[in-house]
Amino acid sequence: MGSTELEPLAVLLDTIRQSASASRDLKSLQQDVVTAISERLPHYDWVGFYMLDPSDPETLVLGPFAGEPTPHVRIPLDQGICGAAAASRATIVVEDVNADPRYLSCSIKTRSEIVVPIFVDGKVVGEIDIDSHAPAAFTDDDRDFLEKVARIVGNRMALSRT
Ligand code: SME
């Protein structure tokens with residue numbers, strides 16, 4: 001990917017860093033992130049957070065999101081691409097959701113997905129989930145960008161605990 005295509009992600013990352021230092025709490029930062037990303041990256045058709053339920057750490061709970069409503073408000077760690085990413089502590093990129101038996105459908109239009117865990121003190125606390133209507137929409141640059149966004153959110157959560 002050439003530098004002209006990389007630039008929007010770098011600019012967006014700066015915006016998100018600024019939101020993180022200005023945000024009054026985690027929810028408002030998450031809301032800023034989903035709004036900024038979904039407005040500026042149109043092929044990111046669904047953008048949302050799933051966070052581990054503090055009273056049931058084997059389950060992810062839907063947080064702020066942009067896109068169509070999803071039936072998957074709570075996802076156990078042994079279900080879905082979302083559960084797999086949190087359980088394996090690793091980013092998962094799915095080029096064709098219809099070819100992945102783990103996939104839980106949110107929209108019939110979704111063709112590809114990326115899920116990036118968020119860590120605090122080395123522990124998974126949640127994740128960022130993105131769906132695209134385009135097949136194989138997520139490149140290494142998207143992955144790098146979203147892992148940086150996840151670090152910004154994790155660092156903000158760690159700060160608010162002190
Ligand atoms: N596709 C996800 C479920 C969440 S919705 O896409 C918003 C999964 O397979 O875990």
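## Aspartate 53

Aspartate 53 counts as buried, at 13% relative accessibility; buried means under 20% relative accessible area, exposed over 50%, and partly exposed in between, with a 1.4 Å probe and protein chains only. The residue belongs to strand E1 (residues 46-53). Strands (E, at least two residues) and helices (H or I, at least four) are DSSP runs, numbered from the N terminus.

Neighbours within four places in sequence left aside, aspartate 53 is in contact with Thr59, Val61 and Arg74, contact being heavy atoms within 4.5 Å.

## Basis of the model

This is a predicted model, in which local features need pLDDT of at least 70 and side-chain atom pairs count only at pLDDT 80 or more, while totals for chains, interfaces and linings use all residues. Residues are numbered from 1 along each chain as its sequence is written, and side-chain values use heavy atoms, with hydrogens and water left out.

## Salt bridges

Side chains of opposite charge can pair when their charged atoms come close. A salt bridge is a side-chain nitrogen of Lys or Arg within 4 Å of a carboxyl oxygen of Asp or Glu. The count by this rule is seven salt bridges.

## A pair within helix H1

One of the salt bridges joins arginine 17 to aspartate 14, with 3.3 Å between the closest N and O atoms. Both residues lie in helix H1 (residues 3-22), where three residues, about one turn of the helix, separate them. Arginine 17 has a relative accessible area of 42% and is therefore partly exposed. Aspartate 14, at 41%, is partly exposed.

## A pair between two loops

Lysine 109 forms a salt bridge with glutamate 68, and their closest N and O atoms are 3.2 Å apart. This pair links distant parts of the chain, 41 residues apart: lysine 109 is in the loop between strand E4 (92-94) and strand E5 (112-120), and glutamate 68 is in the loop between strand E2 (56-66) and strand E3 (74-76). Lysine 109 is partly exposed because its relative accessible area is 45%. Glutamate 68 is partly exposed at 35%.

In the salt bridge between arginine 102 and aspartate 100, the closest N and O atoms are 2.8 Å apart. Arginine 102 counts as partly exposed at 37% relative accessibility, whereas aspartate 100, at 15%, counts as buried.
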